[in-house]
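Hello,

Here is the structure I promised to pass on to you. Please have a look at it first, and then read my notes below.

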Amino acid sequence: MTTTTTAPVVHALAFMNGDEFRIPVFTLLKRDGTPYKHAKLPDLDEAKALRIYRAMLFTRVLDERMLAAQRQGRLSFYMQCTGEEATIIGSAAALDDEDMIMAQYREQGALAYRGFGVDEFMNQLFGNELDLGKGRQMPVHYGSKDLHYMTISSPLATQIPQATGYAYGQKMSGLGHCTLTVFGEGAASEGDFHAALNMASVHQVPVIFLCRNNGYAISTPAHEQFSADGIAPRAFGYRMKVVRVDGNDILAVYQATREARSWAVENNRPVLIEAMTYRLAAHSSSDDPSGYRSRKEEEAWRDKDPVLRMRLWLEKQGWWSEEDEKREQETRRREVLEAMKRAEKRPPPPLESLVADVYDQVPPLLAEQFDKLKAHVRKYPESYPKGARSLNADSQGSGGGEHA
Amino acid sequence: MPNMNMLQAINNALDIAMAADEKVICFGEDVGIFGGVFRATSHLQEKYGRARCFNTPLVEQGIIGFANGLAAQGSTPVAEIQFADYIFPAFDQIVNEAAKFRYRSGDLFNVGGLTIRTPYGGGISGGLYHSQSPEAYFAHTPGLKVVVPRNPHQAKGLLLGAIRDPNPVLFFEPKRLYRASTGEVPEGDYQLPLGQAEIVKEGNDLTLLAWGAQMEIAEKAADLAGKEGISCEIIDLRTIVPWDIDTVVESVLKTGRLIVTHEAPLTGGFAGEIAATIQERCFLYLESPIARVTGLDTPFPLTLEKEYMPDHLKIFEAIKQSMTF
């Protein structure tokens with residue numbers, strides 16, 4: 001075991017600057033979808049490859065449609081995963097489907113891969129009565145217990161130490177599962193990131209830290225976020241295995257995450273992966289990147305489109321065609337639009353959902369506040385159409401027998 | 001006088017403070033070339049250089065820890081926390097450090113130059129984490145001043161007052177009003193006093209007390225009450241700590257009734273502190289119990305935000321109830 005107590009002793013003063021820690025980028029596929037000369041591609045069968053690609057395509061379609069819906073005023077807010085699909089879906093695909101994913105907010109591709117339905121996406125985005133999160137959070141704050149996907153929290157980096165704790169519990173359960181936590185290079189500046197890595201290493205936890213280094217934290221470029229060589233070298237400070245991958249090369253991400261997973265689960269140890277990618281989208285629908293980066297820079301990254309790279313590889317495998325692409329795009333667009341129409345029409349969650357889940361049961365003072373609110377909404381139903389609607393439905397359902 | 005919205009008034013105040021004193025330094029997430037996600041710091045980097053207006057890494061405890069050190073050294077940091085909902089990683093630096101710096105060192109050191117600006121409040125479909133009003137957490141910490149402006153004119157004068165106050169000040173900006181609230185703002189340098197409430201409208205029957213974005217809601221409720229012949233005296237508290245007890249007491253001695261309203265939840269909200277103090281000082285003059293119209297004791301919701309909010313109708317009902325007690 002290496003500790004400072006066993007360090008060799010020297011008598012000539014020498015500062016180290018860490019330049020020996022230059023970390024290369026692991027990549028397998030060229031932009032045209034052909035492998036590099038000595039690249040050894042992961043063992044990926046057709047069914048799995050197509051499951052991955054369909055999730056990528058769906059995510060692209062969903063993001064395009066929903067940003068358009070936001071622009072039309074149908075949706076309050078949206079965040080796109082565009083440009084980062086390979087990082088997100090490639091890593092999710094390398095896990096066991098029962099491994100936990102604890103993401104930041106831009107990782108809808110992982111949920112799509114796991115099979116979150118188009119209606120489930122839409123119900124969350126529109127915060128209606130079928131939203132699994134009961135209409136309480138802003139759009140894109142998905143969660144699915146069935147799909148082992150922790151509900152998103154807006155505050156940055158909070159999920160990273162939680163992932164360490166979750167994975168420690170998984171180790172204790174002994175079922176061979178691990179946790180993948182995803183975060184941006186900006187979030188890695190938070191204290192929570194450092195606490196998470198240190199504890200994972202000290203307590204020997206099977207957790208994979210996936211940093212999607214997409215170049216920007218809202219407007220702040222990575223070079224104003226840190227002055228070191230990215231996030232990867234930080235692993236050494238915690239004595240943790242690390243790999244840096246081309247985040248736009250899905251086969252590289254898949255391969256790296258797969259090996260990281262095996263190693264983490266077999267040895268009960270954490271791994272850090274830094275995926276080099278680019279946030280082609282704005283930070284969110286409220287953001288306009290033209291104020292802080294150039295079109296030219298964006299175009300250069302558009303040329304490295306991860307979805308196109310995967311498609312070109314699939315075509316070379318003979319697993320995908322122009323026709324498949326057209327059909328899939330059309331089908332998915334139609335599905336998204338139809339689901340959006342359904343979700344928009346659904347009523348909001350019932351008024352009771354306001355006070356449920358604060359605790360396991362509604363405490364007396366809150367129950368009193370809620371009774372008062374109900375009476376108030378009944379008095380001014382036209383001013384609270386959402387709340388009044390469910391109260392009306394309620395009193396009809398119970399034959400008007402409810403006490404105010 | 002030029003017309004400004006609240007963001008322009010805040011930007012103008014920062015500009016004036018930086019021009020007047022080279023020790024004033026503005027920083028936070030995205031505040032540099034981008035000018036902040038709400039553009040409150042627009043053009044400051046251009047004008048004063050990267051050394052005095054800059055982006056920080058994304059780390060709130062770092063921002064405030066850095067600001068504390070900078071203030072202790074004698075500079076005047078104006079640190080931005082992008083949303084009040086994200087201030088909590090810095091809670092330790094604010095509550096245990098900024099608030100106690102002077103006291104623990106026997107006034108050898110202080111961080112009186114520190115101002116923390118942060119947008120707060122709901123009504124923007126922001127859900128749990130872009131809507132909170134956390135003023136009461138900080139009001140519970142001696143050593144901090146807490147200020148909340150209601151309009152552009154107030155924002156500029158109070159922010160300049162906060163920056164120049166020799167104590168650490170938390171300046172909560174009502175983000176719902178950033179662009180929605182406009183009005184005439186004096187062009188030059190002026191300060192409004194901290195620790196002083198303002199009677200916005202005189203009245204005889206009932207005192208209505210609020211701050212920040214809740215002021216316009218209170219005024220709307222008072223208009224409804226006015227139509228029913230009830231005359232409300234409306235007070236903007238402006239500074240939560242130290243709060244202007246005398247102005248409120250004087251008003252309540254006149255009206256005999258008090259309603260306090262804020263967006264934050266009822267339990268532990270600052271209205272409770274006000275109610276306790278006022279009943280102590282005005283007990284024999286009260287005609288009805290002091291009422292609180294606040295958010296529910298729940299996290300801030302999204303779809304049912306309207307139902308959650310202490311809006312003008314809820315205040316109006318409370319006014320009528322107080323009058324007929």
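**Where the two chains meet**

In this structure, 40 residues of chain A are in contact with 34 residues of chain B. On the side of chain B that touches chain A, the elements giving two or more residues are α11 (305-308) and α12 (312-323) of chain B. Sorted by class, that side of chain B has 18 nonpolar, 9 polar and 7 charged residues. Please keep in mind as you read on that this is a predicted model.

**Chain A as a whole**

Chain A holds 14 helices and 7 strands. Its radius of gyration is 24 Å, close to the 22 Å that the globule rule gives for 404 residues, so chain A is as compact as a globular protein of that length. Along the principal axes, the C-alpha atoms of chain A fill a box of roughly 85 × 60 × 45 Å. Of the 404 residues in chain A, 47% are buried. If you count the contacts in chain A with a separation of 6 or more, 75% of them are between residues 24 or more positions apart.

Chain A is divided into two parts: domain 1 takes in 23-28 + 42-218 + 228-285 + 292-345, and domain 2 covers 351-397. Between the C-alpha centres of domain 1 and domain 2 of chain A there are 37 Å.

**A parallel sheet in chain A**

Chain A has an open sheet of 5 strands with parallel pairing, in the order β1-β2-β3-β7-β6. At its edges stand β1 (100-102) and β6 (241-246) of chain A, each with a single partner strand, so one side of each has no neighbour in the sheet. On average, neighbouring strands of this sheet are turned by 20° against each other, direction ignored.

**A mixed sheet in chain B**

Over in chain B, 5 strands form an open sheet in the order β9-β11-β10-β13-β14, and here the pairing is mixed. Its edge strands, β9 (198-201) and β14 (291-295) of chain B, each pair on one side only.

Within it, strand β10 (residues 206-210) and strand β13 (residues 258-265) of chain B pair in the parallel sense over 3 bridges. Leu209(B) is a handy place to look, as it stands opposite Val260(B) in β13(B). Helix α8 (residues 214-227) of chain B lies across β9, β10, β11 (232-236) and β13 of chain B, and runs at about 175° to β11(B).

**A buried strand in chain B**

How many residues of strand β4 (residues 76-80) of chain B are buried? The count is 5 of the 5, so β4(B) is largely enclosed by the rest of the structure. Thr76(B), Val78(B) and Glu80(B) point one way from β4(B), while Pro77(B) and Ala79(B) point the other way, and all are buried.

β4(B) pairs in the parallel sense with strand β2 (residues 24-28) of chain B over 5 bridges, and with strand β5 (residues 115-120) of chain B, also in the parallel sense, over 3 bridges. Ala79(B) takes part in both pairings: Phe27(B) stands opposite Ala79(B), and in β5(B) the bridge partner of Ala79(B) is Ile116(B).

Enjoy exploring it!

Best wishes

Notes: Residues numbered from 1 in each chain as written. Chains lettered and ligands numbered in written order. Predicted model: local features only at pLDDT ≥ 70, side-chain atom pairs only at ≥ 80, totals over all residues. Pairing = 2+ DSSP bridges. Helix = DSSP H or I, 4+ residues; strand = E, 2+ residues; numbered from the N terminus. Contact = placed C-beta atoms within 7 Å. Axes fitted to C-alpha atoms, helices over the stretch in contact; angles between N-to-C directions. Rg over C-alpha atoms; globule rule 2.2 N^0.38 Å. Buried ≥ 20, exposed ≤ 12 C-beta atoms within 10 Å, placed from the backbone. Nonpolar A, V, L, I, M, F, W, Y, C, P; charged D, E, K, R; others polar. Domains from an automatic or database assignment.
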